[in-house]
Amino acid sequence: MRRLAVFTCVALLVLALAGAALAGNGGLAPAAPASPNEGGIRSIYWLILGITGGIFLLVEGALLLFIVRYRSRGRPRELEGPQVRGHTNLELAWTALPVVILAVIAGFVFYKAGGIRNAPASAAGSQTIRIEGHQFYWQFVYPNGATSVDTLRVPYKRKIELEISSPDVAHSWWVPALGGKLDAIPGRVNRTSFRAGKLGTFRGQCAEFCGIQHAAMLAYVEVLPAEKYDAWVRQRRASPSEVGRESFVGACAKCHGLSAQGDIGPPIAQSPLLRDRAALALVIREGRGKMPAVGKTWSDEQLDATIAYLRKRFQPGGGSGR
């Protein structure tokens, strides 16, 4: 029965850890770094994990040793075993060692901290991109005035300075593969930078609860070759019509549904507002009822593109078009 109980406990522990084992990096490590910023976070993580893991093994090993060595061996319960009194060298060691361990951790963290917040300079130069956290989407404004929603495009190995803010409530910008979190706070601009060292698309998530659709506030960073990125930014600025579709998917569909059929927000596919441009613009700019002012900071260009997309796709009195 004792063996069966032990086996059952081990089996339950394995089942409990199965989900973590199937997660990225075995559920143990941070995301694989795609920038020097995240590389610093990962290095600090492994150092602290190694030190704390060693301490855990030392303490648990000592506990097992003492259990075996100082067991009662048939001694009556009321009789005390042999007592060990005083060990100056051991007492000095367990007083000094924690101080040394904390000093090592603090020194390493301070050594890495600067590179986590600010990326090293790049021979390819740098540029500044403005990030706005809205309920419940991310908006990116590039140096030439081009705009994108929920997907940030950046050039490979070029330093990117980020200016992060929010016009409504607190959010938190976080793309684990590219660096740490930084809050988007109303009335304040927070700054950080990174330099992507891998091509590809990296997923992010708002890391500050910001309302009912917080879980839907995802972000993607697409790292492109420099030439392809420069061409995309120029094309987006010259022809911003795609911003209308992105604004609908990012700002509208998360509450009203991708087919405007209604979700936590009412259906809008046949709304009479689509016939009244001024009223529709007012609702987008200022919100209504529980709907936040999703377009509070939109340029006239973005607002026009979004209204044009809504009118083209959802014809008043009919179904949805493409």
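Hi everyone! Before we start, please keep in mind that we are looking at a predicted model.

Let's begin with the sheet. In which order do its three strands lie? The order is β4-β10-β9, in an open sheet with mixed pairing. The edge positions belong to β4, residues 151–155, and β9, residues 200–205; each has a single partner strand, so one side of each is left without a neighbour in the sheet. From one strand to the next, the twist averages 25°.

Now look at β9 and β10, the latter covering residues 218–224. These two run antiparallel and are joined by six bridges.

As a bit of background, nonpolar side chains tend to be buried together in soluble globular proteins. Here, the largest nonpolar core has 33 residues, and those touching the most other members are Ile129, Trp138, Tyr142 and Trp173. Several elements give two or more residues to this core, including β1 (126–134), β2 (137–141) and our helix α4. Which strand gives the largest share? That is β10, with four residues.

Let's visit Ile129 for a moment. Beyond its neighbours within four places in sequence, Ile129 is in contact with several residues, among them Phe140, Leu152, Ile160 and Tyr229. Finally, another core lies apart from this one: it has 20 residues, including Phe248, Cys252, Ala269 and Leu280.

Conventions. Residues are numbered from 1 along each chain as its sequence is written. This is a predicted model: local features need pLDDT of at least 70, side-chain atom pairs count only at pLDDT 80 or more; totals for chains, interfaces and linings use all residues. Side-chain values use heavy atoms; hydrogens and water are left out. Two strands pair if DSSP finds at least two bridges between them. Axes are lines fitted to C-alpha atoms, for helices over the stretch in contact, and angles run from 0 to 180 degrees between N-to-C directions. A nonpolar core is a set of buried Ala, Val, Leu, Ile, Met, Phe, Trp, Tyr and Cys residues joined through side-chain atoms within 4.5 Å. Buried means under 20% relative accessible area, exposed over 50%, partly exposed in between (1.4 Å probe, protein chains only). Contact means heavy atoms within 4.5 Å.
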